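I set out to record what can be looked up in this structure, entry by entry. The notes follow the order in which I consulted the features.

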Amino acid sequence: MREKVAKQVGMADSAMISKLFFRLLPIQILLGSIWGINSIVDGLIGSNAIGKTAMAVIGLFFPVTKILDTISVVMLGGSQILCGQYLGREKVNKATKIFSLDMIVIVLVTALVSVVCVVVPTPLAKILGADSESIVGLKQYIIGYAPGIMASLLSAHLSAFLQIEKREKRTYIGIAVMGISNVLLDLFLVVKLQMGLFGLGLATSISLWLFVIVLGAYYFSGKSLIKFTFKELEIRDLWDIIKVGFPGAVLIFVMAIRGVFLNAILLNTAGFGPLPTSGSDAISALSALNTFGSLLYAATAGVANATRLLISVYIGEEDRAGIYYVMRTALIKGVALVAAVSVVVIVFASLFTSCFYRDPDTNLYKTTCLFFRIYPFSMPLSAISVIFVNYFQSSSRMKIVNILSVMDGGVGVIVSSLVLAPFLGSVGVWIAHVLHSVFNLITIFIYTAIVDKKVPVTIEDYLSLPKDYGVKEENKLDISIGNISEVTNISEKVIDFCEEHKVEYKRSYYSGLCIEEMCNNIFYHGFKKGRHSVDVRVIYKPEELLIRIKDDGVAFNPEEFYQLLNPEDVTKNIGIRMIERTKKSMNYQYMLGLNVLTVRY
């Protein structure tokens with residue numbers, strides 16, 4: 001049964017949103033996996049050129065990177081959601097302030113951490129748990145890595161905001177530059193010049209700054225929609241960023257606690273069950289999967305982040321149908337992609353295991369391989385959960401977000417492990433990773449049932465949007481145009497809609513004619529080869545008539561173009577001239593690869 005909202009068209013056109021979603025998705029997946037690939041490269045080169053001390057040092061420095069990740073997740077999650085909402089409300093200046101505040105906080109915090117690393121590396125190394133064998137190497141690595149701390153966070157934030165500007169190519173180039181330079185610098189500084197762990201850290205720092213230079217150059221070009229500024233920044237906006245992004249910190253904190261509990265459970269119960277092994281072997285198996293964690297989670301994180309970016313914009317626009325179509329695309333097509341990745345992991349479980357442990361006859365190999373085969377069953381379920389977490393977070397439902405973050409971070413895994421491990425040993429812990437995702441989905445079901453006071457069945461039910469959310473159906477007209485032949489009757493539809501709302505004929509006539517002219521221009525000049533569409537929304541308000549036109553063609557700012565027109569040749573560009581002459585106001589934005597023109601009459 002089709003949900004009621006699925007009948008709506010126009011601004012929420014399913015094909016356009018699906019196209020947007022899968023344009024954003026690859027870069028999100030790549031960003032999620034590149035850090036894992038770099039870690040693996042550093043580990044391989046470091047362990048072979050320096051020795052086992054390299055892996056120990058990288059492991060000891062891990063808490064610092066997790067602290068930085070926590071700060072980054074909070075600031076990026078909050079600022080990206082708020083920017084999307086403000087852009088959806090046409091408040092570009094407000095989005096600019098959020099972006100600027102995010103950049104300033106990241107620079108100040110990372111500068112402080114970098115100074116601490118350079119000035120007091122020895123006390124820091126001791127705090128991190130270095131012993132007499134590793135303290136010298138850890139000090140060297142800290143000093144080498146310190147200059148890149150700021151770049152590591154800036155690169156993550158800049159790459160996220162560049163997607164709003166539709167500058168994925170620049171991000172792809174930056175990732176390639178970072179990845180290649182990191183490998184070459186590792187080989188040059190560590191292998192050739194024998195600079196040891198200092199060289200390993202320095203190689204990472206330099207490659208990260210090269211990434212930032214590639215990304216940041218766009219914001220110095222003056223072409224960006226969102227620009228950096230020091231003007232009129234408000235400290236209360238920082239509180240809003242932290243409040244919205246805080247669940248990310250909760251998740252990371254709980255995951256850290258989960259690691260401690262799971263290690264203790266495995267040490268005490270790994271000898272039981274169908275595949276008994278030593279506690280240390282079970283922990284090694286868990287560590288092997290965690291090493292691949294960022295790669296295995298990349299597809300899930302990519303789907304979740306693409307959802308968050310699009311949902312925040314449509315929530316800002318209060319576009320009920322747009323929200324629905326984003327969620328439907330993520331939950332059907334996005335989760336299907338994650339499921340496909342899960343199948344690949346299951347099929348190649350032995351290959352992944354062989355990257356760490358070669359002897360298939362050992363219990364260590366068997367338990368690791370089994371984990372690689374069980375864990376993927378949790379991935380599609382986890383994807384559904386994080387999609388809803390990002391939706392709830394974007395719609396400011398922070399209580400359920402915090403509950404799900406705590407559960408997703410570890411409560412479900414820990415509780416399930418405590419119940420199963422005494423009987424099944426390490427296998428019980430592996431199964432617990434699947435069960436905790438089931439618990440999350442049950443929690444979402446219960447929450448939705450309580451909010452809606454009915455059993456949720458459809459995707460629309462799970463959105464839990466108020467009945468009066470957004471513009472009332474009778475006060476809006478949505479039209480999706482797939483080809484130029486459909487443009488012909490659009491002005492008539494707009495005029496009829498205006499007449500139903502008692503809008504004076506002159507304003508109705510100009511509105512319909514302007515929309516028809518603009519849509520014709522888009523199809524003739526804005527679209528290249530391939531499937532495209534134009535979505536038109538007309539909203540009636542007692543004080544004004546609002547028209548919003550979206551298309552996925554080449555960037556075109558009608559306000560700038562109007563300034564270049566010959567004022568004496570009134571036979572050309574009639575639509576733009578008419579809008580300029582009759583409008584109350586006009587606003588143009590190019591975001592997420594869409595031209596968005598909003599005209600008020």
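**Entry 1: Salt bridges**

I began in helix 9 (residues 235–269), where Lys 243 and Asp 240 are three residues apart and therefore separated by about one helical turn. I note that the model is a predicted one. The side chains of Lys 243 and Asp 240 form a salt bridge, with 3.9 Å from N to O. I looked up the exposure of both partners: Lys 243 is partly exposed at 41% relative accessibility, and Asp 240 is partly exposed at 24%.

I then asked how many salt bridges the structure holds. I found six. One of them links Arg 236 to Glu 234, whose closest N and O atoms are 2.7 Å apart. Arg 236 counts as exposed, at 57% relative accessibility, whereas Glu 234 is partly exposed at 25%.

I also recorded the salt bridge between Lys 454 and Asp 461, at 3.3 Å from N to O. Here Lys 454 is partly exposed, with a relative accessible area of 45%, while Asp 461 counts as buried at 14%, the cut-off for buried being under 20%. Salt bridges with shared partners join Lys 94, Glu 234, Arg 236 and Asp 237 into one network.

**Entry 2: Helix 18**

I turned to helix 18 (residues 426–452), which has 27 residues. From first to last C-alpha, helix 18 reaches 40 Å, close to the expected 39 Å. I located a bend of about 30° at His 433. Just after helix 18, Lys 453 takes a positive phi of about 60°.

I traced an open sheet of five strands, in the order 1-2-3-5-4, with antiparallel pairing. Strand 1 (476–481) and strand 4 (585–591) are at the edges with a single partner strand each, so one side of each has no neighbour in the sheet. Neighbouring strands are turned by 10° against each other on average, direction ignored.

Strand 2 (residues 534–541) pairs with strand 3 over eight bridges, and a hairpin of two residues joins strand 2 to strand 3. Ile 539 stands opposite Leu 546 of strand 3. Strand 3 is joined to strand 5 (residues 594–600) by six bridges, with Ile 547 opposite Val 599. Strand 4 and strand 5 pair over seven bridges, and Tyr 590 faces Asn 595 across that pairing.

**Entry 3: Strand 3**

Why is strand 3 largely enclosed by the rest of the structure? I found that eight of its eight residues (544–551) are buried. Glu 544, Leu 546, Arg 548 and Lys 550 point one way, and Leu 545, Ile 547, Ile 549 and Asp 551 point the other way.

Methods
Residues numbered from 1 in each chain as written. Predicted model: local features only at pLDDT ≥ 70, side-chain atom pairs only at ≥ 80, totals over all residues. Heavy atoms only, no water. Buried < 20%, exposed > 50% of the residue type's maximum accessible area, 1.4 Å probe, protein only. Helix = DSSP H or I, 4+ residues; strand = E, 2+ residues; numbered from the N terminus. Pairing = 2+ DSSP bridges. Expected span 1.5 Å × (residues − 1). Bend = angle between axes of the 7 residues up to and from the residue. Axes fitted to C-alpha atoms, helices over the stretch in contact; angles between N-to-C directions. Salt bridge = Lys/Arg side-chain N within 4 Å of Asp/Glu carboxyl O.
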